[in-house]
Each structure stands twice: as structure tokens, then as C-alpha cells.
2 protein chains.
Amino acid sequence: MKKSLGRKTVVHPAPIFVIGTYDRNKRPNAATVAWGGICCSDPPCISISLRKATYTYENIMENKAFTVNIPSEKYVKEVDFFGIYSGRDVDKFAKTGLTPVKSDVVEAPYIEEFPFILECRVIQINEIGLHTQFIAEILDLKADESVILKASLIDIEKVKPIIYAPELRKYFGIGHFLGNAFSMGKNL
Amino acid sequence: MKKSLGRKTVVHPAPIFVIGTYDRNKRPNAATVAWGGICCSDPPCISISLRKATYTYENIMENKAFTVNIPSEKYVKEVDFFGIYSGRDVDKFAKTGLTPVKSDVVEAPYIEEFPFILECRVIQINEIGLHTQFIAEILDLKADESVILKASLIDIEKVKPIIYAPELRKYFGIGHFLGNAFSMGKNL
């Protein structure tokens, strides 16, 4: 018997994505979002949602492009900083000391110190309510050699991504290996 | 210096959502998806993406409703089973022994054994490519008492959700607490 808790936006896990954009003066910005995820395999697409009041919303409307930067847990303080303050008020790259690198495929910067990043071009804008959803095509994934396994796969255990618990407002690391997908369910 | 790996649909973490639906004969089905996430705070909404070929796509088009069931790691084999086989070919509830419960707010079943679930009504359908994205309003969250903290918050450490690594095709548990959001970044 389950208890009704009402209309809550809670899923586990929620991701932590840091969104890289340029403003109209080509100044790089970074903002942390948890509302998003992959939304299509072909063309490869990701969706993120933003409030219109954010600087990143304004920047994406200007350039129709952004990067999704996947942080390692050692950058959790910088990630939280990126989520608290607005790029309107502070130069977030100067403050954190992280390095913006101009993407060679879209008009957006990525974060050099994060283990892997996606370069994305907006293809749909969906108005939902408080949040606007941007659907963007993934034009390239770039990764540090240190997290790349053979066959060009990304090793999540080397990435050490950050997991977000909405509402609780807590960050967690990833844990132990549970099993192989499309495999362990065959023995049921 | 990052290495270009091309157009890949990889993010860390990706979620594991089990989608509950009824078919046209009111037979319950469950399917595992990793393409989705929360997409709006107000109205509270979640998006999931499905290929048109799936039974769940057909069921959602029929009822314009589904549940999102968040599994605990102890159900990882059942979750994988739900992702491998089609409800067209097998009665997945009969096979796993899990219990479908009819939602009191939407025309969809939820899974009694999973720690918390969202009951959702479709409000937008976005064609992207191979996948169709369903945006759905969260009408209620229902949870087991065993995972509810005071102030009606859901305790992720009791839920023990499953994290998915796309492309690697591996499941992981959640790990150690890293810090409090909207807090630790202030000390930067």
C-alpha cells in the first residue's frame, strides 16, 4: 500500500549536467541543470529544460547551441556554484578557475577539466510551463583519453559522475556494479 | 585536449524508469526506458522517449497515460527482463511475479513492489526521429512508507535506485554522499 504524496518532480537518479553557452558578447557561461536527458537515438538528441528567467535560456535563444558537460565528483563544489549564481552577476569561469574551450562545431564553450562533453545544436523548442524544453542534436562527444576504454566506450567508473536527488537537494557518487544490461534479465 | 568520439547518446548518469501501461485489452505491461527525465517544475512534468515499434508506444497512444516506476537495485534482473522482451510476446507481470496495481488517477498500472512511482497523463507528443517523446504531467507521486522521510521527502539511500551507463550497457547502484546542493558552492 503506497502513500500519496502529491504532484512532485522527483526521480532517482536525476542527472547533473553543466550547460556551456556564450552570451551576446561571446563571454562563456556555465549553469547546472538536473531537468533533462537523452531523448532520441537517431538523430542523437538530448533535451534540457530551463526557466526563461535564466541567463542560459537567453544565451541559447541567441546562439541555438550549447554544450552538456558531465562533471566528475571532484568538481561537485564548482557544479553547485554553477547552479547557485547567475552569469548575469558573476563571471563563473573566472571565479572557479575552470577553462572554457570554444567548440569547433557549435557556438558554445565546453569545460576542459570535465571528463566528457556533448556539443549540441537546438532543433526544437517546446513550451511546457515554468520551463522551456530545448531538444538538441548531439553533433559530437569529446572525452579525455583517461576515461576512454577500448572500442571508444566511456568508462563510467573513471568518469565518477554526480547523481542528484531532487527535493532532498543532495549529491551522490555512483556506487557498485550491479550487472550487465540486456543480459541478466534473460536468466529470469 | 579532448578526443572526438562522434555522435553518441551517452550521459552519466542515465536513469532507469520502468513504464507501466495498459494495452487495449486492459492487460498491464511494463517496459524499461533510459531516455527521459523531469522536464518542467510547474506543471510538474516528465518526458520519456519511445520507438514507435514498441508495445508501450502503442499503449500510451491508446490511453494517453502511463506510470513511471522507480526500481530498487534488488529488482535489477526484473528491470533488465522488462527491457529485453516485448509485452506483445510475453506477460511480463506473470513472468516476474511483480504486482500491477491500477492507478486511481490515470489509466495505467503501477508496480506495487517498487519504492515509488509517478502517475502521468500525456500533454505533448514530440516527433524527433527514431524516438517519439511523450511529455506528461505528474498527477501524483506514491511511495512506500519505508522510503519516506519526515516532511514527505523521499530518501534516495533507502530507494537504492539503479543508474544506467548507456553504450557500456551496465547497471550501477548509487554511492556515497557528496554534499548538499545550493549550499557547498557558496564556500567556493
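**Labels and their grounds**

Modeller: Just after α1(B), K64(B) has a positive phi of about 50°. Helices (H or I, at least four residues) and strands (E, at least two) are DSSP runs, numbered from the N terminus. This is a predicted model: local features need pLDDT of at least 70, side-chain atom pairs count only at pLDDT 80 or more, and totals for chains, interfaces and linings use all residues. Residues are numbered from 1 along each chain as its sequence is written, while chains are lettered from A and ligands numbered from 1 in the order in which they are written.

Colleague: What is the mean pLDDT of chain A?

Modeller: The mean is 97, and 100% of the residues of chain A reach 70 or more. pLDDT is the predictor's confidence in each residue, from 0 to 100. The model scores ipTM 0.97 and pTM 0.98.

Colleague: Why are the buried residues of α1(B) said to line one face of the helix?

Modeller: In α1 (residues 55–63) of chain B, T56(B), N59(B) and I60(B) are buried. Seen down the axis of α1(B), these fall within an arc of 100°, so they line one face. The arc is that of the directions from the helix axis to the C-beta atoms. Buried takes 20 or more other C-beta atoms within 10 Å of a residue's own; exposed takes 12 or fewer; partly exposed is in between; C-beta atoms are placed from the backbone.

Colleague: Why is K160(A) called buried?

Modeller: K160(A) has 20 other C-beta atoms within 10 Å. The cut-off is 20 or more, so K160(A) is buried. Phi of K160(A) is near 50°, a positive value in a residue other than glycine.

Colleague: And why does E167(B) count as partly exposed?

Modeller: E167(B) has 17 C-beta neighbours inside 10 Å. That value lies between 12 and 20, so partly exposed is the label. Phi of E167(B) is about 80°, positive although E167(B) is not a glycine.

Colleague: How are the two copies related?

Modeller: Chain B can be laid on chain A with an RMSD of 0.0 Å by a turn of 180° and a shift of 0.0 Å along the axis. The copies are thus related as by a two-fold rotation axis. Superposition is by least squares on the C-alpha atoms of residues with pLDDT of at least 70 in both.

Colleague: What makes you say the copies meet through the same surface?

Modeller: 100% of the interface residues of chain B are also interface residues in chain A, so the surface is the same. In contact are 89 residues of chain B and 89 of chain A; contact needs C-beta atoms, placed from the backbone, within 7 Å.

Technical notes: Two residues are in contact if their C-beta atoms, placed from the backbone, lie within 7 Å.
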